Amino acid sequence: MLTHRLGRRIGRLGDRRAHLVAITCVFLSAALCQATAIAESGWSALNDGTIVLYRHANAPGVGDPANFTLGDCSTQRNLDAAGRAQAQHIGAQFRSRRIPVRSVLTSQWCRTRETAQLAFPGMPMEAEAFNSFFGSPERNAAQTSAALKILGQWKGPGVLVVVTHQVNITALTQVVPAAGEGVVVRPGAAALQVVARLPSEGGSR
């Protein structure tokens with residue numbers, strides 16, 4: 001019964017991958033089957049004009065060290081081995097699904113830049129509007145406004161990927177993503193419309 005219901009649900013995605021998920025569900029636990037269906041539903045939401053806001057991949061710790069210096073990665077939290085693998089997996093997912101990524105923006109923090117570069121080699125461009133304001137909440141309103149202005153101008157073709165930080169994504173969408181998780185959005189008249197979420201592969205919050 002569960003397989004039948006999920007088969008109808010993901011069958012609406014209309015691609016071969018979705019039908020393969022439905023068949024595979026015969027051999028999976030109910031929870032894993034449902035999680036797989038939800039993930040595939042998220043990937044199917046990516047098309048011309050959509051945006052994916054990614055939290056950087058796994059970087060142990062919280063915030064930044066007291067001696068944090070922009071441009072000096074030795075003073076920052078950086079990706080660990082799991083985070084680098086996570087970032088590479090993100091790029092592989094886009095390539096295996098032939099999702100057309102037209103532009104990649106990233107904050108100026110080393111962990112976001114490395115995530116973006118490992119996932120989409122040669123494509124990332126820095127955008128100050130997506131820098132973390134975790135330690136400076138007074139910058140929230142101005143940066144969120146600047147970010148919304150950039151995102152609101154995106155019309156495609158293809159997909160815009162933005163690699164940023166949890167506080168930025170939460171301010172923009174009210175979603176609290178895990179490390180390496182993506183939030184699929186579309187620009188709206190006054191705010192972003194959350195379309196789907198792309199679960200992370202491993203890592204921590």
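Axes here are lines fitted to C-alpha atoms, for helices over the stretch in contact, and angles run from 0 to 180 degrees between N-to-C directions. On that basis, in this predicted model, helices α4 and α5 pack at an angle of about 40 degrees, with their axes 7 Å apart. Because angles under 35 degrees count as roughly parallel and those from 65 to 115 degrees as roughly perpendicular, α4 is classed as oblique to α5. The crossing of α4 and α5 is right-handed. On the side of α4, the contact is made by Arg84, Ala87, Gln88, Ile90, Gly91 and Arg95, and these meet Glu114, Thr115, Leu118 and Ala119 of α5. Sorted by class, the contact of α4 with α5 comprises 4 nonpolar, 3 polar and 3 charged residues.

The contact of α6 with α7 has 5 nonpolar and 4 polar residues, and no charged residues.

Helix α7, which spans residues 166–173, is largely enclosed by the rest of the structure, because 6 of its 8 residues are buried. The buried residues of α7 are Val167, Asn168, Ile169, Thr170, Leu172 and Thr173, and what covers them includes helix α6 (140–152) together with strands β1, β4 (159–164), β5 (182–187) and β6 (192–198). Beyond residues up to four places away in sequence, His165 touches Arg55, His56, Ser107, Trp109, Arg111, Thr112, Phe130, Asn131 and Ser132. At the other end, α7 is followed by Gln174, which lies in the loop between α7 and β5.

The largest nonpolar core contains 19 residues, of which Leu46, Val52, Tyr54, Phe94, Phe120 and Val161 touch the most other members. Two or more residues of this core are given by each of β1, α4 (81–96), β2 (101–106), α5 (110–119), β4 and β6, and the largest share, 3 residues, comes from β4. Apart from this core lies another, of 17 residues, which includes Ile51, Ala147, Leu151 and Trp154. In soluble globular proteins, nonpolar side chains tend to be buried together.

When residues up to four places away in sequence are not counted, Leu46 touches Val52, Phe94, Ile99, Val159, Val184 and Leu198. Leu46 and Val101 are 55 residues apart in sequence, while their C-alpha atoms are 9.8 Å apart in space. With residues up to four places away again left aside, Phe94 touches Trp43, Leu46, Val52, Tyr54, Ile99, Val101, Phe120 and Val161.

Several features of the backbone remain to be described. Most residues other than glycine have a negative phi, and most peptide bonds are trans. Against this background, Arg98 has a positive phi, near 55 degrees, and is not a glycine; Arg98 is placed in the loop between α4 and β2 and counts as exposed at 76% relative accessibility. Gln174, likewise not a glycine, has a positive phi of about 75 degrees. The peptide bond from Gly156 to Pro157 is cis, with omega near 0 degrees, and Pro157 lies in the loop between α6 and β4.

Terms used. Residues numbered from 1 in each chain as written. Predicted model: local features only at pLDDT ≥ 70, side-chain atom pairs only at ≥ 80, totals over all residues. Heavy atoms only, no water. Contact = heavy atoms within 4.5 Å. Buried < 20%, exposed > 50% of the residue type's maximum accessible area, 1.4 Å probe, protein only. Helix = DSSP H or I, 4+ residues; strand = E, 2+ residues; numbered from the N terminus. Core = buried A, V, L, I, M, F, W, Y, C linked by side-chain atoms within 4.5 Å. Parallel < 35°, antiparallel > 145°, perpendicular 65-115°, else oblique. Left-handed = near helix turned anticlockwise from the far one by under 90°. Nonpolar A, V, L, I, M, F, W, Y, C, P; charged D, E, K, R; others polar.
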